[in-house]
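Keep the sequence and the 3D view open as you read.

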Amino acid sequence: MRGERINGGKIKKSILEIAVGAAVGVINGMFGGGGGMLCVPLLGGVLGESVRVSHATTVLVILPVCLVASIVYVANGYAQTPDVFFVMAGTAAGGALGSLVLKTAPPKAVNAAFALIMAAAGAVMIWR
């Protein structure tokens with residue numbers, strides 16, 4: 001009987017994970033990458049992941065969403081495909097450097113830097 005019972009905690013966590021994923025996917029699809037900004041605090045605050053796990057998992061979670069969204073954007077003519085390769089090269093280099101910094105940076109410093117970047121991005125968008 002004991003083995004037949006469904007673990008309610010595991011089901012609840014799975015439902016939360018699906019909800020977090022859906023929210024991140026919608027935001028990423030609408031805004032072309034903003035899902036990562038939402039994913040980090042949701043992984044930490046809702047799912048209780050550590051700072052490093054939240055940031056690293058976000059990159060993995062966003063990868064397939066970005067691939068699918070980018071195909072749709074290119075198919076609809078929204079992307080400047082010749083220029084994107086230069087941006088991709090810089091992004092790859094920056095991503096490698098950032099992952100090395102994340103490995104050694106104190107979690108409070110990572111959170112503070114992330115919050116400042118989010119606030120600055122928000123301010124720029126408001127005043128544009």
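Met 30 sits in helix α1. In this report helices are DSSP runs of H or I with at least four residues, strands are E runs of at least two, and both are numbered from the N terminus. Before going further, please note that this is a predicted model, in which local features need pLDDT of at least 70, side-chain atom pairs count only at pLDDT 80 or more, and totals for chains, interfaces and linings use all residues. Residues are numbered from 1 along each chain as its sequence is written, and side-chain values use heavy atoms, with hydrogens and water left out.

Is Met 30 buried or exposed? Met 30 counts as exposed because its relative accessible area is 55%; the cut-offs are under 20% for buried, over 50% for exposed, and partly exposed in between, with a 1.4 Å probe and protein chains only. Together with Val 26 and Phe 31, Met 30 makes a nonpolar surface patch of about 340 Å². Patches are built from residues with over 30% relative accessible area and no salt bridge, with like charges joined within 9 Å and nonpolar side chains (Val, Leu, Ile, Met, Phe, Trp, Tyr) within 5 Å. The areas come from the Shrake-Rupley method with a 1.4 Å probe, and for residues only the protein chains shown count as cover.

Glu 17 forms a salt bridge with Lys 13, and their closest N and O atoms are 3.9 Å apart. The rule asks for a side-chain nitrogen of Lys or Arg within 4 Å of a carboxyl oxygen of Asp or Glu, and by this rule the count comes to 1 salt bridge. Both Glu 17 and Lys 13 lie in α1, 4 residues apart, about one turn of the helix. An α-helix has 3.6 residues a turn, so residues three or four places apart point the same way.

Gly 25 is another residue of helix α1. The C-alpha atoms of Gly 25 and Val 65 are separated by 6.4 Å, although the two residues are 40 residues apart along the chain.

## The core and helix α2

The largest nonpolar core has 7 residues in all: Val 20, Val 24, Cys 39, Leu 42, Leu 43, Leu 47 and Ile 62. The elements that give two or more residues to this core are α1 (8–31) and α2 (35–45), and α2 supplies the largest share, 3 residues. Such a core is a set of buried Ala, Val, Leu, Ile, Met, Phe, Trp, Tyr and Cys residues joined through side-chain atoms within 4.5 Å. In soluble globular proteins, nonpolar side chains tend to be buried together.

Leaving aside neighbours within four places in sequence, Val 20 is in contact with Leu 42, Val 46 and Leu 47, where contact means heavy atoms within 4.5 Å. The buried residues of α2 are Gly 35, Gly 36, Cys 39, Val 40, Leu 42 and Leu 43, and they pack against α1, α3 and α5 (107–127).

Glu 49 lies in the loop between α2 and α3. Setting aside residues within four places in sequence, Glu 49 is in contact with Lys 13, Leu 43, Gly 44 and Ser 54.

His 55 belongs to helix α3 (residues 51–75). Not counting residues up to four places away in sequence, His 55 touches Val 40, Leu 102, Val 110, Asn 111 and Phe 114. Val 59 lies in helix α3 as well. Val 59 and Ala 112 are 53 residues apart in sequence and 19 Å apart in space, C-alpha to C-alpha.

Here is how accessible some of these residues are.

| Residue | Relative accessible area | Class |
|---|---|---|
| His 55 | 14% | buried |
| Gly 25 | 23% | partly exposed |
| Glu 49 | 30% | partly exposed |
| Glu 17 | 36% | partly exposed |
| Lys 13 | 36% | partly exposed |
| Val 59 | 60% | exposed |

## The chain as a whole

The protein chain has 5 helices and 0 strands, following the pattern α-α-α-α-α along the sequence. Its radius of gyration is 17 Å, whereas a compact globule of 128 residues would have one near 14 Å. Of the 128 residues, 16% count as buried. The chain exposes about 9,300 Å², and carbon and sulfur atoms supply 73% of that area. The radius of gyration is taken over C-alpha atoms, and the globule rule is 2.2 Å times the number of residues to the power 0.38.
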